[in-house]
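Work through these exercises with the sequence and the 3D structure side by side. Try each task before you read its solution.

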Amino acid sequence: MQEWANQLCENRQFGSKMTDSKYFTTTKKGEIFELKAELNSDKKEKKKEAVKKVIASMTVGKDVSALFPDVVNCMQTDNLELKKLVYLYLMNYAKSQPDMAIMAVNTFVKDCEDPNPLIRALAVRTMGCIRVDKITEYLCEPLRKCLKDEDPYVRKTAAVCVAKLHDINAQLVEDQGFLDTLKDLISDSNPMVVANAVAALSEIAESHPNSNLMDLNPQTINKLLTALNECTEWGQIFILDCLANYTPRDDRESQSICERVTPRLSHANSAVVLSAVKVLMKFMEMLPKDLDYYGTLLKKLAPPLVTLLSAEPELQYVALRNINLIVQRRPEILKHEMKVFFVKYNDPIYVKLEKLDIMIRLASQANIAQVLAELKEYATEVDVDFVRKAVRAIGRCAIKVEQSAERCVSTLLDLIQTKVNYVVQEAIVVIKDIFRKYPNKYESVIATLCENLDSLDEPEARAAMIWIVGEYAERIDNADELLESFLEGFHDESTQVQLQLLTAIVKLFLKKPTETQELVQQVLSLATQDSDNPDLRDRGYIYWRLLSTDPVAAKEVVLAEKPLISEETDLIEPTLLEELICHIGTLASVYHKPPSAFVEGSRGVQHKRLPGSTESGESESPDTASAAAVSDAPPAVIPSQGDLLGDLLNLDLTPPTTTGPPPAASSGMQMGAMDLLGGGLDSLMGDESEPPPIPLRMDTPQSPQLPHQSPSPPDYSPTELGGDLGGSPAIGAGFGAPPAAMPASFSAPVSGGLDDLFDLGGGVGMPMGAYSAPKTVWLPAMKAKGLEISGTFARRSGVIQMEMTLTNKAMSVMTDFAIQFNRNSFGLAPAGPLQVLTPLSPNQSIEVTLPLNTVGPVMKMEPLNNLQVAVKNNIDVFYFSSQYPISMLFVEDGKMERQVFLATWKDIPNDNEAQFQIKDCHLSSDAASNKLQGSNIFTIAKRTVDGQDMLYQSMKLTNGIWVLAEMRVQAGNPVYTVSLKCRAAEVSQWVFQSYEAVLKN
């Protein structure tokens, strides 16, 4: 479409007047036959009129492909306007008529040698737009000539044609040597040819990220900077984008490039300005901050960014989204320009909200008075969304600039006095955050907040008010009455409010136990018996159990000191910010998402980083020398993560079929059509650092000994509430048992309170050889209806094993055990069924060893070594996750030959090298080597340099990935340095953890 638009615009210059509109108004029947006759006419003028009619019909969507041979015959003409029209027709219909399109090839070839450079360029451009494989082979010779044409217009057109041809047939372009010719054009004398060559190479490099086409060096950069001054605006953008991909050798080169790019900041085109800003933002990373030029550059960057804000609203929005990123990275650039971000009355809402966000980011002690005065003004506007955001902004100012907190609270109180409903509600939400940031400082305003209790109708505001009442219950005389008023409509409240109300009443009870017994019983009963929400029910039971078994622990948990909230919770994550800075002026900077998040298709998207931000800190390009000794590269490591929900729904928990006889106790293993994952999916989505919570099912008794009855809240009497807890009557002495329908594990007393929950004992005896970690609790009894699983992973005689201790802490017998793994990074799967041959009686433990293999389905996990497990028994299905040590995957044939090691080390890019330090290690190099060899980390060579032993080691994972290491050990120095190289760089940090675990244990 772009080509058509260009061609039609150009045709206007060759005599097409406003009267051309007549070609679009005809609706005659039998038109095709008339046109056919006119196209074959001897009169040139009639021919041209006919072709115009054909193009007009084609433009409005009529099918005129039947005229293909007749239109192609019109190509043999000296009339440039007619030739353009015919070429336009060819571009559109060549794909549907490839055999006919070949008829035009001779004319193309002939036109490429025409004395008129416009015709030569037109021919090569059209051939590049005809995406037909049969034609591309004929295009090569004319294109080669045009790339070396004497006229720069033809050369620049041919440069773009190479990119188009590469998109159709990449192999052909490489075989014909066009890429080398394109690289030569970067040295062309004409700046537009240089710009188009850069654009073409960048386009090709984007679709082939590993091709290393843009081999930038100081000489090339100098040529690009020279061309930059004389290009058109779009040419400048192409060159600036190319410069942004270059990493200077040192700060001097970086400064030199910045000096030559800086004049582009005053360009009239906003795209050129943003591209120049991108280059400068990147190269500033390499300039020392104490350099005079660094300060000068900061001052030069502000005016062009401010100027962008005087454009039309759409451009303003794009500029503001980019400025938002720049301010997060370098707020000092615009710290004196706060006023330009003040909102104008006629700004569209999307511009207003973006300006507001930047104002908060630039807020500091120096300008906070100005900012607060503006924000207070905004809070009285008519646009509700904008007013809400303005009130929130006042709260963010208080959290960001501590000195302004008092003034912000005072401003918020003034706004509350306006009694405008939505203003009051937003103010209460942000005051809650201020209380979190500055505890015991502004609580005097609580009375004012309580006066507005009745006007709160939004869930977030109601939840914030309830939190304030619960948190400061001891300071509010009628806290119980206030919370009771919310309790009246408990089931009509949103989940957010219900959860907050439950916690607030429990806090109140812990602070004033004698006055609020009935209230806490009432809320626990509502939360556990009458609610269908699993989150609310779970929290209710946890509080109930805490209060009934260990009131001291309840007080420590519920009234624990809260961490202060961070001053900026909405900052973009640093690595993402670095990548977005490298994409300033593109869609990524408007979406605030990396290109990989919204660019689809086969094109590879490169992740860009600012210089100096990689771990190894090396800036040179990867060594491209291939290792002859290593004939095949390691397999692609880890597939990308798929849909976890779908994977879990496909979990089959029936035991794997085995060739031997089935175990005696497995008769009940077949699970039929039962829903094994009822309620369990969410738990696997949660925190993976400890086993996920299991949803409770309240509809059936959980053990044979318990009758099926409705849970009833405990009954308090003053005599039962004796004892002492922090100066108040004991809370849990007679709190009553949890309801009968709770899991058995909840009703059984826990012998050691929290100690049982985090029991880290029970380690296995470690044999000589491979290191295996002591057992830890993977699935606590509280989360698995009395079943506790602790375990570890080990590699023994080449077999990966999961060594577990199963303990029954419930009141009923457990049988019919089965186990299943979710897809994981290295395809770990059970090699056989879980062999629990005898029923597991109450208070009994049993040791189980489950052999594993690595032939299961693969999916990249986060973290990489995470394993999600489902265990079934006769009571229910339980889920937990654990992390296995990567050393368990190191195979016995992981010792590499010396020559192969050397070649492979050179072949792996330097960017893939990661360096770590192991501290407090007091082994000699030989002792360390022997210890590591027990875990299949093999030392290939050792050399001593200046009293420092350097061990060169290799290991191989079960999926064929090789990891190479260099470990430096200095006698008497307890700090070892380990450098790891691997084609799958994400594996390195986990390998380092294995090194640390083996050497320190």
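**Exercise 1. Find the buried residues of helix H10, then find what covers them.**

Step 1. Buried means under 20% relative accessible area, exposed over 50%, and partly exposed in between (1.4 Å probe, protein chains only). Helices are DSSP runs of H or I with at least four residues, strands are runs of E with at least two, and both are numbered from the N terminus.

Step 2. The buried residues of H10 include Val154, Arg155, Cys161, Leu165 and Ile168.

Step 3. Their cover includes helices H8 (117-129), H9 (133-147), H11 (170-175), H12 (178-185) and H13 (191-207). Contact here means heavy atoms within 4.5 Å.

A word on the source: this is a predicted model, where local features need pLDDT of at least 70 and side-chain atom pairs count only at pLDDT 80 or more, while totals for chains, interfaces and linings use all residues. Residues are numbered from 1 along each chain as its sequence is written, and side-chain values use heavy atoms, with hydrogens and water left out.

**Exercise 2. Check the span of H10.**

Step 1. The expected span is 1.5 Å times one less than the number of residues.

Step 2. H10 (residues 152-168) has 17 residues, so it should span 24 Å.

Step 3. Its end C-alpha atoms are 25 Å apart, which agrees.

**Exercise 3. Which strands stand at the edges of the open sheet of 5 strands?**

Step 1. Two strands pair if DSSP finds at least two bridges between them.

Step 2. The order is E1-E2-E3-E6-E5, with antiparallel pairing.

Step 3. E1 (776-779) and E5 (829-830) each have a single partner strand, so one side of each is left without a neighbour in the sheet.

Step 4. E5 is joined to E6 (residues 845-853) by 2 bridges. Proline 830 is opposite leucine 852 in E6.
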